[in-house]
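Thanks for making the time this morning. I would like to walk through one chain with you, slowly, so please have the sequence and the structure in view as I talk.

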Amino acid sequence: MLRLPRITVEVPVLAVGAKPADYEQLAAYTDGLRRPQGLHMTLLHIGVLEDFAADVAEWTRGATVPDAAALTTADWLRALPVLEGFSGTAERLVLLGGGRVSGLEVDVPQGVRDFQVSLVQALHELLDDMLVDNPDDFILSSRALGYRYPRWRPHVAVGKPKPQGHSGEGRSREGGGSWEIRPLTVEFGPSQIRNGQLLPGSGDSLA
């Protein structure tokens, strides 16, 4: 069975700084600097759809079968509202994912934070509809969702940290390294569903 790639609700990065050199400066702090064309900020991580559906089926003890969970989730994703494009600012690089990823910590408008909160609230409603009891416990334990930190931290992953750190190394709030950088404006496009074109339709089956 062909496995679908990870599904996320995200906003694409349209520009970092005023010119390419503004982004390229981050190579002084980061190994394997990612191509700017693929940068994005994740608002909600669903994970591999089959894994999420299997988690729901297991949690509900089969009251919601995997195919139904996958199709319901796909329809829910397609019906989500769209967040319009916006601008943010970044003044710090931080370590994420247990120190495996270097990312721009982005200061975003309050409306973006409110939108992300609304996505989590909508996820709770989706889980209720799929007969998932104790949605908060499910969200924190689901292997597909992969929640590690209850608080959303707006960031854009840009590469891997340099093995020996950097002379500007500090400490972030989560205990990892952080580095102050020259302030950058980060432009984001409207929200979208990553790999949304691969979501099953109402007449499809994952079997």
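Let me begin with a question: what pattern does the chain follow when it is read along the sequence? Keeping in mind that this is a predicted model, the pattern is β-α-β-β-α-α-β-β-α-α-β-β-β-β, and the chain contains 5 helices and 9 strands.

Before the details, a few totals for the chain. Of its 207 residues, 44% are buried, and the accessible surface comes to about 10800 Å², with 52% of that area belonging to carbon and sulfur atoms. If we take the contacts with a separation of 6 or more, 80% of them are accounted for by residues 24 or more positions apart.

I will turn now to the helices, and to helix 3 in particular, which covers residues 66-78. Let me take its packing with helix 2, residues 49-59, where the angle is about 120° and the axes are 8 Å apart. The two helices are therefore oblique to each other, and helix 2 passes helix 3 in a right-handed crossing. On the helix 2 side, the residues that take part are Leu49, Phe52, Ala53, Val56 and Ala57, and they meet Pro66, Ala69, Ala70 and Thr73 in helix 3. Sorted by class, that contact has 8 nonpolar residues, 1 polar residue and no charged ones.

Helix 3 also packs with helix 4, residues 110-129, and here the angle is about 150°, with the axes 11 Å apart. The crossing of helix 3 past helix 4 is right-handed. In this contact Thr72, Thr73 and Trp76 from helix 3 meet Leu119, Ala122, Leu123 and Leu126 from helix 4, which by class gives 5 nonpolar, 2 polar and no charged residues.

Gly32 lies in the loop between strand 2, residues 30-31, and strand 3, residues 40-48. Is Gly32 buried or exposed? With a relative accessible area of 63%, Gly32 is exposed. Even so, leaving aside residues up to four places away in sequence, Gly32 touches Val158 and Gly159. The C-alpha atoms of Gly32 and Gly159 are separated by 5.5 Å, although the two residues are 127 residues apart along the chain.

Finally, a point about backbone angles. Most residues other than glycine have a negative phi. Arg61, however, has a phi near 55°, which is a positive value in a residue other than glycine. Arg61 is found in the loop between helix 2 and helix 3, and at 76% relative accessibility it counts as exposed.

Definitions and conventions
Residues are numbered from 1 along each chain as its sequence is written. This is a predicted model: local features need pLDDT of at least 70, side-chain atom pairs count only at pLDDT 80 or more; totals for chains, interfaces and linings use all residues. Side-chain values use heavy atoms; hydrogens and water are left out. Axes are lines fitted to C-alpha atoms, for helices over the stretch in contact, and angles run from 0 to 180 degrees between N-to-C directions. Helices (H or I, at least four residues) and strands (E, at least two) are DSSP runs, numbered from the N terminus. A crossing is left-handed if the near helix is turned anticlockwise from the far one by less than a right angle, and right-handed if clockwise. Contact means heavy atoms within 4.5 Å. Ala, Val, Leu, Ile, Met, Phe, Trp, Tyr, Cys and Pro count as nonpolar, Asp, Glu, Lys and Arg as charged, and the others, Gly among them, as polar. Buried means under 20% relative accessible area, exposed over 50%, partly exposed in between (1.4 Å probe, protein chains only). Accessible areas come from the Shrake-Rupley method with a 1.4 Å probe; for residues, only the protein chains shown count as cover. Angles under 35 degrees count as roughly parallel, over 145 as roughly antiparallel, 65 to 115 as roughly perpendicular and the rest as oblique.
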